[in-house]
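Me: Could you take a close look at one part of this model, the main pocket and the helix that contributes to it, and then follow on to another helix for comparison of individual residues? Please spell out the cut-offs as you go.

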Amino acid sequence: YASLMKDQLKQLHQKARLARDANSTQAYGAALAAIQEGEVRANQDFDEAKMLSVVEKEAGKFKESAEAFAKAGRDEQATELAACMDLLVSLLPSKLDEAAYPKLVANAIESTGASSMKEMGLVMATLKKEHGSALDMHIASAAVKNSLG
């Protein structure tokens, strides 16, 4: 079973290397390495959702590094790392609009029958299963706490 995400990353990485595009090579290489390392550690191939999650984490690492370099006054490195983050973010499905969360949460609570904070995990798992990486977990958990609490 070949993964679309992994194939896409390999092609992008190869094109970037051939074009001698340092930022793209670094971004796609980091994401590929993280996926391969994760698969080896888990001793199984990742599905698309898991790969998207890894790519999202790698984008987050580039963002944190860019912010750290910016704080240290190293703007050139910060700009390069921000560009790497943008490249990876562009591969991810777009996030849900914040205005959609109350309805999504209400539907998940209704479908799970949750009535207290004890069942927050169940509601979150349902949301994650239905909406995957389009879900912003911080916004979702705040909305669930709001509804159940």
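Reply: Helix α3 gives the most to the lining of the largest pocket, with six residues; helices here are DSSP runs of H or I with at least four residues, strands are runs of E with at least two, and both are numbered from the N terminus. The model is predicted, so to speak of local features pLDDT must be at least 70, and side-chain atom pairs count only at pLDDT 80 or more, while totals for chains, interfaces and linings use all residues. Residues are numbered from 1 along each chain as its sequence is written, and side-chain values use heavy atoms, with hydrogens and water left out.

The largest pocket has a volume of about 380 Å³ and is lined by 14 residues, with E56, K57, L92, K95 and S133 lying nearest its centre. A pocket is an open set of points on a 1 Å grid over the protein atoms alone, where a 1.4 Å probe fits and protein lies on both sides within 12 Å along at least five of seven lines, and lining residues have an atom within 4 Å of a point. Points are joined across faces, edges and corners, and the volume is the space filled by probe spheres set on them.

Helix α3 spans residues 48–71 and includes E58, which is buried because its relative accessible area is 10%, where buried means under 20%, exposed over 50% and partly exposed in between, with a 1.4 Å probe and protein chains only. The side chain of E58 makes a polar contact of 3.0 Å with the side chain of K61, that is, a pair of N or O atoms within 3.5 Å, one able to donate a hydrogen and the other to accept it, with sequence-adjacent residues counting only if both atoms are side-chain atoms. Beyond its neighbours within four places in sequence, E58 is in contact (heavy atoms within 4.5 Å) with A30, A31, A34 and L88.

Turning to helix α6, which covers residues 120–131 and contains K128, we also find T126 there. T126 counts as buried because its relative accessibility is 15%, whereas K128, at 41%, counts as partly exposed. A polar atom of the T126 side chain lies 2.9 Å from the backbone oxygen of L122, and T126 touches A108, S111 and T112 when residues up to four places away are not counted. With neighbours within four places likewise left aside, K128 is in contact with L135 and M137, and the C-alpha atoms of K128 and A140, twelve residues apart along the chain, are separated by 9.3 Å.
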